[in-house]
Amino acid sequence: MEAYTGFAEVYDLFMEEVPYRQWSRYITELLEEYGICDGLVLDLGCGTGVLTELLALAGYDMIGIDLSREMLEIATERRVQSGLNILYLCQDMREFELYGTVRAIVSICDSMNYILTEEEFTHVLTLAAKNYLDYGGLFIFDLNTEYKYRELLGQQTIAENREEGSFIWENDYDEEEMINEYNLTLFIREDSGYYRKEEETHYQRAYSCETVQKMVEQSGLKLLQIYDAFTHEPANENSERIYVICQRGEAE
């Protein structure tokens, strides 16, 4: 995947309204509910490291994995400025590898929606279940829902114009395949004052709660909860984003 190459330069600019601090507090609360208050945590699909740093500030020893070198370069620059001890690895999340186990894995901001087949999705969960989660460890991830793609994003064009850069984001949701294709056109301001045009195509897939439950069970993880995002209420047919909480069983 070549996504988040040119977009990496302006990603934080256009995502500045995302309430990362709220997201971090919610994730921290979920982790603490199951007794995970410190220790190693993996941020899978960490992007530019904003959430990774917030979780590090909350007391976790953070590892960040992302496929985009451009995004990781920005994350590394952020780490230099903050002085936080975070390990960043450039890897495909579908085949991620760690040196040992972690107490928890989190994957936020629709990173798991980029996995386009059930087989690959189940494989990622299985890697966590068999190789990289401590016994009793958690895997927490969010997903954009079919409702959001169908009713809110599909066939919609979103645009934003700023002096530092502009984007046009065109969505096309295939209800049969449950895949949202969005074509992103970027105009990024250079030091010369001229704007450079970049184009990227992204694909994300929706997964029903029933499919998520099936994949979790197949992986060997235990499904604990599927919440309507940022609440402790069960996901419903109008949920735009859901949070899935899974756990590796204790040693026998």
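Residues are numbered from 1 along each chain as its sequence is written, and side-chain values use heavy atoms, with hydrogens and water left out. Because the model is predicted, local features need pLDDT of at least 70 and side-chain atom pairs count only at pLDDT 80 or more, while totals for chains, interfaces and linings use all residues.

We may begin with the helices. Two packed helices are described by the angle between their axes and the distance between the axes. Here, helices (H or I, at least four residues) and strands (E, at least two) are DSSP runs, numbered from the N terminus. Axes are lines fitted to C-alpha atoms, for helices over the stretch in contact, and angles run from 0 to 180 degrees between N-to-C directions. Helix H2, residues 20-33, packs on helix H3, residues 50-57, at an angle of about 50°, and the two axes are 10 Å apart. H2 and H3 are therefore oblique to each other; angles under 35 degrees count as roughly parallel, over 145 as roughly antiparallel, 65 to 115 as roughly perpendicular and the rest as oblique. The crossing of H2 and H3 is right-handed, a term for the near helix being turned clockwise from the far one by less than a right angle, with anticlockwise giving left-handed. On the H2 side, the contact (heavy atoms within 4.5 Å) is made by Tyr 20, Arg 21, Trp 23, Ser 24, Ile 27 and Thr 28. H3 contributes Val 50, Leu 51, Leu 54 and Leu 55. Sorted by class, this contact of H2 with H3 holds 7 nonpolar, 2 polar and 1 charged residues. In this scheme Ala, Val, Leu, Ile, Met, Phe, Trp, Tyr, Cys and Pro count as nonpolar, Asp, Glu, Lys and Arg as charged, and the others, Gly among them, as polar.

A further packed pair is formed by H5 and helix H7, residues 209-219, with an angle of about 45° and axes 8 Å apart. H5 and H7 are therefore oblique to each other, and their crossing is right-handed. From H5, the contact draws on Glu 118, Phe 121, Thr 122, Leu 125, Thr 126, Ala 129 and Lys 130. From H7 come Thr 211, Lys 214, Met 215, Val 216, Gln 218 and Ser 219. The class tally for H5 with H7 is 5 nonpolar, 5 polar and 3 charged residues.

Turning to the cysteines, a disulfide is a covalent bond between the sulfur atoms of two cysteines. With a disulfide taken as a pair of cysteine sulfur atoms within 2.5 Å, the count comes to 0 disulfides. For Cys 46, the nearest cysteine sulfur belongs to Cys 90 and is 9.4 Å away. Cys 46 is buried at 7% relative accessibility, where buried means under 20% relative accessible area, exposed over 50%, and partly exposed in between (1.4 Å probe, protein chains only). Cys 109 is likewise in no disulfide, the nearest cysteine sulfur being that of Cys 46 at 12 Å. Cys 109 is buried too, with a relative accessible area of 16%.

The loop between E4 and H5 also includes Asp 110, whose phi is near 60°, a positive value in a residue other than glycine. Most residues other than glycine have a negative phi, and most peptide bonds are trans. Asp 110 is buried at 11% relative accessible area. Ser 111 sits in the loop between strand E4 (102-107) and helix H5 (118-132) and is buried at 8%. Leaving aside residues up to four places away in sequence, Ser 111 touches Leu 44, Gly 45, Met 93 and Asp 142. Another positive phi, near 60°, is found at Gln 155. Gln 155 belongs to the loop between helix H6 (146-153) and strand E6 (157-161) and is exposed, with a relative accessible area of 51%.

Some residues can also be placed by C-alpha separations. In helix H6, Glu 151 is partly exposed at 45%. Glu 151 and Tyr 173 are 22 residues apart in sequence and 9.6 Å apart in space, C-alpha to C-alpha. Leu 223, in strand E10 (residues 222-228), is partly exposed at 24%. Beyond four places in sequence, Leu 223 touches Gln 213, Val 216, Val 244, Ile 245 and Cys 246.
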